Structures are given as structure tokens and as C-alpha cells.
Amino acid sequence: KEALDRWLQRDLDATLAHVQIHEVQAREDKRMTANIILTFAALECMVALVAAIALAALNHIFFDQRRIEFGILNAIGRSRRWLVGRTVKETIAVVGMGWAIGAALCGIGLLAFQVFVYGPRGLVIDLLQPTPWLLTLPIPLAVIAASVGTVARMLSRLDPVTVVEGRA
């Protein structure tokens, strides 16, 4: 095969035929796949950034609605770190459930494509391939980071005495 590949590349007249050997095609496919993955990763990061900005605005509203709760908990001895931790746990639970539901729906859709589209053509979707699932992580991570950052910043300026006295 190597001798044939060398002959095809070296001796065949390029004006008569286009020669493409497996090694070159495989290298090109890997490069193209890497570019596609990089493009999707960049797009996913942009979506994550937009989601994080939107969530920061929503967290501001969320915190304002729970200012009295946080102020009272802080006034009775709960530390700000504990309050941030509680918010992080709530956010992780909500984001985790949303990610799990989205992943389950995506899995169902991919199974349907496998059965009705790819399977009849002899193709297989590998649902256990980690790369597509890893590309879904920037959005939940950005949401959690924005939540922690927003609440921690607002709690650093919270005065529990003002809240308890009803001036907040």
C-alpha cells in the first residue's frame, strides 16, 4: 500500500487525476474535526458569557427579594460564607437539574436519530464520547460562577442591623 501511495503521489499526472491517499485524508479529517470542536467550544463560551450576564441581572433581583432573609440569618449568627455556600448549593441544584434534564432530552433525541436516520444508513452515534458532553459544561459553570460572584459581592455590602431595624 505504501509503495502504491508513493507511486500515486510521485508518478501520476496531476492534470489527469486528483490523488488522495488515506493518510492525507485522515490527517485532513482530524484537522477539520479539531476545527469544528474549537468552533463549537468558542460558540458555547459566548453563549455561556451571555447566560452569565443575564444570570447576574437575575441574581440581583433574586438577592433583593431575599435581602431580609439573608440579613436576619446574618444577624442571628450565620456567616456570610455560610450564606454564599447556601446560595451556591441552591444554584448547583437548580443548574444540575436543568443540565440533567437537558442531557436526557438530548440523549432521547440522539437515540431517535440513531434509530430513524443513522442506523438505517449503517452509521452509529457514540453517546459515550465525552467531547460533546464536555462542550455543554461552560454554560452551567458560568451560571454558577456568576451566581457566586453576584451574591458574594452583594453580601459583602449587606448590613444586617439595617435589615433587622427595617430600614432596608
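**Exercise 1.** Which residues form the largest nonpolar core?

*Solution.* The structure is a predicted model. Its largest nonpolar core contains eleven residues: F63, F70, L73, L83, V84, V88, V151, M154, L155, L158 and V163. Two or more residues of this core come from each of α3 (67–75), α4 and α6.

**Exercise 2.** Describe how the axes of α4 and α6 are placed, and classify their relative direction.

*Solution.* Step one is the geometry: the axes of helix α4 (residues 80–118) and helix α6 (residues 138–156) come within 9 Å and cross at roughly 155°. Step two is the classification: angles over 145 degrees count as roughly antiparallel, and α4 is therefore roughly antiparallel to α6. Step three is the handedness, and here α4 passes α6 in a right-handed crossing.

Step four identifies the contact.

**Exercise 3.** At what angle do α2 and α6 pack, and which residues make the contact?

*Solution.* Helix α2 (residues 22–65) packs with α6 at an angle of about 35°, the axes being 8 Å apart. The crossing of α2 past α6 is right-handed. On the α2 side, the contact involves E44, V47, A48, A51, A52, L55, A56, N59, H60, F62, F63 and D64; on the α6 side, P138, I139, A142, V143, A146, S147, T150, V151, M154 and L155. The contact of α2 with α6 comprises 16 nonpolar, four polar and two charged residues.

**Exercise 4.** Is S147 buried or exposed, and which residues does S147 touch?

*Solution.* S147 is located in helix α6. Its relative accessible area is 1%, and since buried means under 20%, S147 is buried. Leaving aside residues up to four places away in sequence, S147 touches L55, N59, T87 and T91.

**Exercise 5.** How does L111 count in terms of relative accessibility?

*Solution.* L111 lies in helix α4. Its relative accessibility is 46%, so L111 counts as partly exposed. From C-alpha to C-alpha, L111 and V19 are 37 Å apart in space, and they are 92 residues apart in sequence.

Notes
Residues are numbered from 1 along each chain as its sequence is written. This is a predicted model: local features need pLDDT of at least 70, side-chain atom pairs count only at pLDDT 80 or more; totals for chains, interfaces and linings use all residues. Side-chain values use heavy atoms; hydrogens and water are left out. Axes are lines fitted to C-alpha atoms, for helices over the stretch in contact, and angles run from 0 to 180 degrees between N-to-C directions. Helices (H or I, at least four residues) and strands (E, at least two) are DSSP runs, numbered from the N terminus. Angles under 35 degrees count as roughly parallel, over 145 as roughly antiparallel, 65 to 115 as roughly perpendicular and the rest as oblique. A crossing is left-handed if the near helix is turned anticlockwise from the far one by less than a right angle, and right-handed if clockwise. A nonpolar core is a set of buried Ala, Val, Leu, Ile, Met, Phe, Trp, Tyr and Cys residues joined through side-chain atoms within 4.5 Å. Buried means under 20% relative accessible area, exposed over 50%, partly exposed in between (1.4 Å probe, protein chains only). Contact means heavy atoms within 4.5 Å. Ala, Val, Leu, Ile, Met, Phe, Trp, Tyr, Cys and Pro count as nonpolar, Asp, Glu, Lys and Arg as charged, and the others, Gly among them, as polar.
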